[in-house]
Amino acid sequence: MLNTARPCNAPSSGFSFENTRRNAVLEGNLAEQGFSAPKARKTGTTIAGLVYKDGVILGADTRATDDMVVADKNCMKIHYIAEKIYCCGAGVAADAEITTQMMSSNVELHTLSTGRPPMVAMVTRQLKQMLFRYQGHIGSSLIVGGVDVTGAHLYSVYPHGSYDKLPFLTMGSGAAAAVSVFEDRYKPNMELEEAKTLVRDAIAAGIFCDLGSGSNVDLCVITQEGVEYLRGFDQPATKGQREGNYRYKPGTTAVLSKTVTPLEIDIVDETVQLMDTQ
């Protein structure tokens with residue numbers, strides 16, 4: 001049993017370092033057995049959304065990463081939930097994909113059972129209850145936006161089940177850069193084109209300021225009339241033209257030494273196959 005200075009009395013102010021010795025002992029025991037303490041998972045994405053005069057606009061980048069490797073340059077991060085409700089996913093790509101698919105199925109069953117169109121608040125409640133049930137082990141940070149009989153709504157749902165309802169939201173590793181654009185230029189009752197430009201600029205800020213975000217900008221405009229999914233709305237990080245010629249003539253770099261190692265290969269089996277050219 002590890003003793004602490006004041007096991008039952010919480011500090012009156014400041015930070016508490018009561019568990020530092022305990023954590024050090026636990027990490028030492030794990031190291032002795034050949035294990036290491038779990039580390040936070042780093043993911044990369046920029047997703048955003050805002051409420052404008054006639055509805056909701058969601059935006060996302062299209063880069064999927066695996067550690068420091070770009071796994072997909074044009075993935076879809078805006079997922080379908082219901083006819084006029086969509087969801088942006090950040091975090092672990094598989095978790096966000098399956099979570100939104102399950103929620104879309106549950107919402108469809110709920111609609112068939114009640115005979116009424118789904119509401120954005122109902123979708124958000126089901127999502128946060130599902131994520132809270134798994135205590136953060138589902139790595140999905142979600143922005144739910146849509147239009148129902150009560151108007152336009154925008155929610156953010158965090159992996160542990162907490163949520164916010166705000167007129168504009170950003171999530172992901174590029175959220176700080178994106179929200180700075182919103183805080184500077186957002187105003188209530190924006191027109192469609194102005195709102196689309198603002199969401200595009202917010203996602204572009206995340207793309208340029210965060211290595212985990214990149215490629216294109218996708219937008220989804222949701223109104224009472226319907227949904228307009230703008231796939232590849234903008235490409236802010238296009239490849240530039242190479243201005244210099246970097247080819248060198250053979251022999252420019254002197255060869256200081258040369259070694260030839262012959263490889264001995266024994267042919268065990270040899271098969272000749274004819275290629276069909278018809």
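At what angle do helix α4 and helix α5 pack, and how many Å apart are their axes? Helix α4 (residues 175–185) and helix α5 (residues 192–209) pack at an angle of about 145°, and their axes are 7 Å apart. The structure is a predicted model, in which local features need pLDDT of at least 70 and side-chain atom pairs count only at pLDDT 80 or more, while totals for chains, interfaces and linings use all residues. Residues are numbered from 1 along each chain as its sequence is written, and side-chain values use heavy atoms, with hydrogens and water left out.

- Helices are DSSP runs of H or I with at least four residues, strands are runs of E with at least two, and both are numbered from the N terminus.
- Axes are lines fitted to C-alpha atoms, for helices over the stretch in contact, and angles run from 0 to 180 degrees between N-to-C directions.
- The crossing of α4 and α5 is right-handed; a crossing is right-handed if the near helix is turned clockwise from the far one by less than a right angle, and left-handed if anticlockwise.
- On the α4 side, the contact (heavy atoms within 4.5 Å) involves A177, A178, V181, F182 and R185. Their partners in α5 are T197, L198, V199, D201, A202, A205, G206 and C209.
- The residues of this contact comprise 9 nonpolar, 2 polar and 2 charged. Here Ala, Val, Leu, Ile, Met, Phe, Trp, Tyr, Cys and Pro count as nonpolar, Asp, Glu, Lys and Arg as charged, and the others, Gly among them, as polar.

**Burial within α4**

- A175, A177, A178, V181 and F182 are the buried residues of α4; buried means under 20% relative accessible area, exposed over 50%, and partly exposed in between, with a 1.4 Å probe and protein chains only.
- These buried residues pack against β1 (47–51), β10 (168–171) and α5.
- S180 also lies in helix α4, and S180 is partly exposed, at 41% relative accessibility.
- From S180 to T111, the separation is 69 residues in sequence and 38 Å in space, C-alpha to C-alpha.

**Helices α2 and α3**

- The axes of α2 (residues 93–114) and α3 (residues 120–133) come within 11 Å and cross at roughly 130°. The pair is therefore oblique; angles under 35 degrees count as roughly parallel, over 145 as roughly antiparallel, 65 to 115 as roughly perpendicular and the rest as oblique.
- α2 and α3 cross in a right-handed sense.
- T99, M102, M103, N106, V107 and H110 of α2 meet M122, V123, Q126, L127 and M130 of α3. This contact consists of 7 nonpolar, 4 polar and no charged residues.

**Cysteines**

- A disulfide is a pair of cysteine sulfur atoms within 2.5 Å, and by this rule the count is 0.
- C209 is in no disulfide, and the nearest cysteine sulfur, that of C88, is 19 Å away. C209 is exposed, with a relative accessible area of 62%.
- C220 is likewise in no disulfide, with the sulfur of C88, the nearest of a cysteine, 7.6 Å away. C220 is buried, at 0% relative accessibility.

**Positive phi in loops**

- Q135 is not a glycine, yet has a positive phi of about 55°. Q135 sits in the loop between α3 and β7 (140–148) and is partly exposed, at 47% relative accessible area.
- N189, another residue other than glycine, has a positive phi near 60°. N189 is placed in the loop between α4 and α5 and is exposed, at 59% relative accessible area.
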